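This briefing sets out the domain layout, nonpolar cores, salt bridges and ligand surroundings of the structure shown below. Please read it alongside the sequence and the model.

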Amino acid sequence: MVFDLLVIGGGVNGCAIARDAAGRGLSVALAEMGDLASATSSASTKLIHGGLRYLEHFEFRLVREALAEREVMLRAAPHLVRPMTFVLPHEAGLRPAWMIRAGLFLYDHLAQRGLLDGSRRVALRGTAFGAPLRPEYETGFTYADCRVDDARLVVAYALAALELGADIRVRTKVLDARRETDRWVARLADKESETEVEARVIVNAAGPHVSQVLHDGLGITSRKHVRLVKGSHIVTRRLFDGDHAYILQNSDRRVIFAIPYEQDFTLVGTTDVTYEGAPGPAAIDAAEISYLLAAINRCFARQIEEADIVWSYSGLRPLFDDGALEASVVTRDYAFDLDFSGAPALSVFGGKITTARRLAEHALDELRPAFPKLAPAWTERATLPGGDFDAADFAGFLAGFRRDWPFLEEGLALRLARAYGTRAALFLRDARKMEDLGRDFGCGLTQAELAHLVTEEWARSAEDVLWRRTKLGLHLRERERVEVELMLAAHLGNK
Ligand code: FAD
């Protein structure tokens with residue numbers, strides 16, 4: 001068979017493009033060399049946000065698009081995306097209040113809002129918002145953005161593509177591809193074998209590898225280049241009470257987020273470090289750790305040190321190289337490289353978790369010359385798998401969830417409702433007690449859920465399960481994690 005589209009890369013952009021294309025009637029194959037979202041798309045700050053800071057760099061197009069996407073994504077995946085209040089403490093020596101007010105005014109008005117609140121000025125001293133901060137912070141501002149489970153959003157895009165007929169292959173690397181008159185012939189390799197796949201068009205959504213795939217894999221010379229910028233996060237035990245997050249101004253004019261994470265933790269990030277090495281797994285370094293600890297200790301009353309860090313992760317931003325000198329000011333907007341000199345190829349540079357759906361629409365628009373009968377854009381009002389309930393009423397959905405499976409302990413019901421939405425029914429089925437879900441590996445990670453992750457969500461290793469499909473790696477003990485690994489090995493060995 002000759003596919004219409006072969007997508008290289010199962011990060012947020014590749015999966016969003018596969019979903020959009022499959023829904024417009026194209027036959028789609030997607031190859032991901034590792035796990036879905038195993039590269040940059042699980043290493044983000046996990047925000048669906050307009051990007052308040054990008055206004056200072058005059059990125060109005062990007063901010064407008066991203067602001068509008070917040071509401072689109074809230075409606076598409078209300079289990080994975082949820083509103084969050086951000087507190088921005090005001091500090092006399094940094095940005096003046098008028099500048100912050102002007103930025104927030106734009107933020108409130110650049111795009112329509114239905115589900116999210118506008119910004120306001122708030123008192124900090126003596127209030128819950130101010131409680132964890134140093135006493136000198138008297139006032140600040142609040143505004144709304146959203147948080148998201150980035151890795152699960154990628155899986156949701158892949159599931160939607162699959163439901164629309166796409167062929168999703170994980171642990172499958174595209175070695176290279178050659179042009180033959182009206183098509184590409186790509187060589188794909190998985191653990192067992194090498195195969196050839198034919199496709200009329202290739203989409204190169206290889207994230208940090210995009211330039212490498214473009215030049216070495218597809219043999220295309222382009223003037224567009226990727227600029228890799230490393231960003232790291234640390235996770236500590238909860239630093240403050242409440243459901244709100246902080247956006248802290250740093251003395252280098254960057255901002256650092258402190259976000260409630262997985263009930264018991266706080267996520268702190270990020271850094272912006274020029275990265276010169278080859279694309280691949282990245283790790284936090286000592287300077288980044290000091291930088292993030294210092295940012296918290298500047299603003300928070302309680303001081304933290306390295307021993308307070310329970311986990312960290314790093315990712316490479318695959319930014320479009322616009323020639324900027326400093327890593328933190330390289331454009332966050334995306335760009336395509338289009339090559340129609342033979343069978344077409346489209347390569348994606350940049351892009352955000354927030355804007356992947358819109359980027360996919362734009363990518364398909366660009367490919368219209370190759371597919372003149374392409375159906376119109378369709379994803380703006382569509383829900384993602386698991387998200388087919390009232391976006392304004394997660395509490396109502398959760399209450400129904402608890403009525404359907406009353407034996408689930410409150411915290412577990414919330415975790416499952418958030419992670420799977422309505423798709424939790426696929427493995428909870430008619431269970432009436434915990435034992436019906438099989439062995440519990442810890443924190444309510446049952447055999448039924450594990451089997452679901454393997455058969456329905458492409459999980460192949462303990463890491464896929466514990467650090468991407470769920471974040472239970474943070475909660476389980478070492479012994480429990482090993483048991484998950486053994487169970488998966490046995491399960492996959494028998495398949
Ligand atoms: P990736 O997720 O890297 O996916 C590319 C995939 O291609 C990889 O999985 C890789 O394995 C695969 N691949 C490569 N070569 C091949 C090959 N030859 N064959 C098969 N597969 C291949 N955005 C937001 O909206 N909100 C945020 O809060 C946010 N915070 C961020 C914080 C940090 C620190 C970073 C680094 C980024 C952040 N971003 C955020 C941006 C966002 O995470 C990225 O722009 C986005 O994840 C990029 O997705 P991608 O699909 O292009 O790349």
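The centres of domain 1 and domain 2, taken over C-alpha atoms, are separated by 30 Å; domain bounds come from an automatic or database domain assignment. The model is predicted, so local features need pLDDT of at least 70 and side-chain atom pairs count only at pLDDT 80 or more, while totals for chains, interfaces and linings use all residues. Residues are numbered from 1 along each chain as its sequence is written, and side-chain values use heavy atoms, with hydrogens and water left out.

**Domains**

- The assignment for the protein chain gives domain 1 (2-40 + 151-224 + 331-381), domain 2 (48-149 + 227-327) and domain 3 (394-493).

**Nonpolar cores**

- A nonpolar core is a set of buried Ala, Val, Leu, Ile, Met, Phe, Trp, Tyr and Cys residues joined through side-chain atoms within 4.5 Å. Buried means under 20% relative accessible area, exposed over 50%, and partly exposed in between (1.4 Å probe, protein chains only).
- The largest core has 56 residues, of which Leu5, Ile17, Val28, Leu36, Val81, Tyr157 and Leu384 touch the most other members. Its largest share, ten residues, comes from helix α4 (residues 150-163); helices (H or I, at least four residues) and strands (E, at least two) are DSSP runs, numbered from the N terminus. Domain 1 and domain 2 each supply at least three residues to this core.
- Beyond its neighbours within four places in sequence, Tyr157 is in contact with Val12, Cys15, Ala16, Arg19, Met73, Ala356, Arg357 and Leu384.
- A second, separate core of 33 residues includes Phe427, Ala459, Leu476 and Val484.
- In soluble globular proteins, nonpolar side chains tend to be buried together.

**Helix α7**

- Eight of the eleven residues of helix α7 (residues 356-366) are buried, leaving the helix mostly covered. The buried residues are Ala356, Arg357, Leu359, Ala360, Glu361, His362, Ala363 and Leu364.
- The elements covering these buried residues include α1 (12-23), α2 (60-76), α4, β17 (335-339) and β18 (345-349).

**Salt bridges**

- The structure holds 44 salt bridges, each a side-chain nitrogen of Lys or Arg within 4 Å of a carboxyl oxygen of Asp or Glu.
- Asp4 and Arg200 pair through their side chains at 3.0 Å, N to O. This pair joins distant parts of the chain, with Asp4 in strand β1 (residues 2-8) and Arg200 in strand β10 (residues 194-204), 196 residues apart. Asp4 counts as buried because its relative accessibility is 12%, whereas Arg200, at 35%, counts as partly exposed.
- Arg183 and Asp182 form a salt bridge at 3.3 Å, N to O; Arg183 is partly exposed at 24% relative accessibility, as is Asp182 with a relative accessible area of 45%.
- In the salt bridge of Glu194 with Arg187, the closest N and O atoms are 2.9 Å apart.
- A network of salt bridges links Asp35, Arg152, Arg171, Glu457, Glu463, Asp464, Arg468 and Arg469.

**Ligand surroundings**

- Around the ligand are 37 residues, of which Glu32, Ser41, Leu47, Gly351 and Thr354 come nearest; a residue is near a molecule if one of its heavy atoms lies within 4 Å of it.
- An oxygen atom of the ligand lies 2.9 Å from a polar side-chain atom of Asn13, and an N or O atom in the side chain of Thr40 is 3.1 Å from a ligand oxygen atom.

Terms used. Contact = heavy atoms within 4.5 Å. Polar contact = N/O pair within 3.5 Å; in protein donor to acceptor, adjacent residues only side chain to side chain.
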